[in-house]
Structure formats: structure tokens, C-alpha cells
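Reader: I would like to understand how the words used for a protein model are tied to numbers. Could you take me through some of them slowly?

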Amino acid sequence: MVKHRHLGLIGLISLSGITSLLLGTPAFATTVEPIAPRIAQQTANSDAADQIYGEAVELFEQGTAESLRQAIPKFEQAVRLYRQAGNQGKEAVSLNNIGRVYSSLGQKQQALDYYNQALPLFQAVGDRGGEATTLNNIGRVYDDLGQKQQALDYYNRALPLRRAVGDRGGEATTLNNIGKVYDDLGQKQQALDYYNQALPLLQAVGDRRVEAATLNNIGAVYDSLGQKQQALDYYNRALPLSRVVGDRRGEATTLNNIGAVYDDLGQKQQALDYYNQALPLFQAVGDRGGEAATLNNIGYIYHSLGQKQQALDYYNQALPLFQAVGDREGEARTLNNIRQLTLPAL
């Protein structure tokens, strides 16, 4: 039997396209002189776009699969209006955020398409912070697609830009993501080095959401090294932070990872309890990859307990989700688990 381990860990996509790049008052000067009709129309378009953009952000921050899908047409409408107003900077922010939504929904190629539209606009207006965010986000998509060297290339382009603009939170996010790549490549000490560079920066800027992700990722390194108690210590530091900031995806990932530790320790019922807490959270936020991994892990518990039909039911729920999000490794592991259950006994 093979478990799908740790959901690939949280390598958080930067949310600075939603927070530090959040739009403010349109940059049009007030004057008592008559305003030319074209400029008046541009101002009207920009005002309307700001309002629609704000509505899209509210939907995004609700974090459910339904609200994320509802945010897309609003961001798209904002893009059109900013383009008509000639505001490339805000157009780029909106394009980046559409990519962020598609990535959250597991539609990685669509995410990449929007990020690649945003990137040259940020470069054109000289917004190095926005450029860094988008480079980071492109790196994360390649990371999710298993293209680790391309992911590293984009992260390493983002990192000096983060530092140049003094974005310590963004720097920490990218350090965390580089650590995740090295972790996935089996270079555990390098991974820990990057995670431990990220952690004090996150604590300094008070970014508890990404701090929780980094604690989770450090826990996963110790877990993979067989240091289960240290892993639990880090996971249990991460979990309340995710809950405090309302990060249900992060909470679900850490719950899944705690379940995996208890599973490894032979405490099957405790493992099942944690997996069953994680599952509805993944479903609520529309994270089909996380849902698939947790269904697979629940199936594995029943498999190890000899409850073969229940195990098969969970594996068969996991399989189409892995296929839908293009996770070939997860698909292969689940198929292997199904095959072990259905092979005739020798």
C-alpha cells in the first residue's frame, strides 16, 4: 500500500496581489477646468473597475469554491475597464488575481495563462513588487506541475526583486517556496535552511498565515526524516495559526499531515479522526488535489485495517479527482492501492 504523503506540502502562493497590491483611489487629478470627454470616460471606467475589483476581492477572501468561481467574472470585468482606462498597473493586478483564483481551483494552465499576461504589464509600469509576486506565482504553478527546475528559476528571479523593494513578507514567501522545491527533490537540509530563513521574517512582519505554512513545511521535513515527535510539535504550532487567520486550506493540510504521523505511529483511529477533519475543509475551499489526497489516505487506513470494501470506496473517490487536477503521481499511487486490493490472493 502507498499513501499520498503530505499533499505536496504547503508552498504558499503569494497573496500580495490581493493585499499589498490592493487598489486605492484612482490616480486622476482633481481640477476646476473642464475635463476632456475621453479623460472623463477613463475616470468613470477606472471608478467602476475599482468598485467591481473590491467586490471580487470580497468573494476571493470568502475562500469557498463557489465564491472563487464567482470572483473570476468580476476580476475579468475589472480587467476590461482598467484596460479601457489605460491603467496597466491595475489591469496587471487583476490579471494576477484571476491566475491566483484558477490556481486555487486546480486549473493550473489557465492560471499560467493569466500570470503570463500580468507579467509584462508589471514590467512595463516598473512595478517590481507586482513583477516579483507574479514571478513567484508562476514558479508555484510549475512547482505544482512537477517542473521543479523551472519553478526554481522563477523563484530565484522573484527573490532579489522582493529584497530590492523591501518586501520582507514576500521575501519570506519565496524563501518558503524555494525550500519546498528542495524538500520535494529530497535535499532536506537545504529545504530546512530556506524554511528557517523564512520563519523569522514572517514573525517580524506578523504574517501568521505564511508562518503557519512554513511551520507545517518544517514539520513535514522532520516527518520525512523519521523524527515524528518533532514533526508533531511543528504541526501543532502551525494549526492554531491557520485557524486564527481563517486559512481553511492551510488548516486542512496540517490536519492531514498530523493524521499521517499518527498513521505512521500505528494510531489508526487518531489518524482517521484528523483525516475526517481535513476532508470537509478541502471540499469547502474547492481544493480537489487536497481532497483526493485525504480520500486516498482514509482509504489507506481502512486498507490497513482489513476493511477492503471501504478502502476501495475511498480510493475510487480519490482517483477521478487526481485525474481532474492532473496529479499523475497521486493517480499512480491510488491506482497502485486499488490494484493491491483487487489482485487475487496467491
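Predicted model: local features only at pLDDT ≥ 70, side-chain atom pairs only at ≥ 80, totals over all residues.

Reader: Why is the pair of Y102 and Y114 called stacked?

Author: Rings of Phe, Tyr and Trp (its six-membered ring) pair if their centres lie within 6.5 Å, and planes under 30 degrees apart count as stacked, over 60 as edge-to-face and the rest as tilted. The ring centres of Y102 and Y114 are 5.7 Å apart with planes at 25°, so the pair is stacked.

Reader: What makes Y102 and Y114 a link between parts of the chain?

Author: Y102 lies in helix α3 (residues 88–104) and Y114 in helix α4 (residues 108–125), so the pair ties together parts that are twelve residues apart in sequence. Helices here are DSSP runs of H or I with at least four residues, numbered from the N terminus.

Reader: How do you know whether Y102 is buried or exposed?

Author: Buried means under 20% relative accessible area, exposed over 50% and partly exposed in between, with a 1.4 Å probe and protein chains only. Y102 has a relative accessible area of 10%, so Y102 is buried, and Y114, at 17%, counts as buried too.

Reader: And why does E251 count as buried?

Author: E251, in helix α11 (residues 248–264), has 13% relative accessibility and therefore counts as buried.

Methods. Residues numbered from 1 in each chain as written. Heavy atoms only, no water. Helix = DSSP H or I, 4+ residues; strand = E, 2+ residues; numbered from the N terminus.
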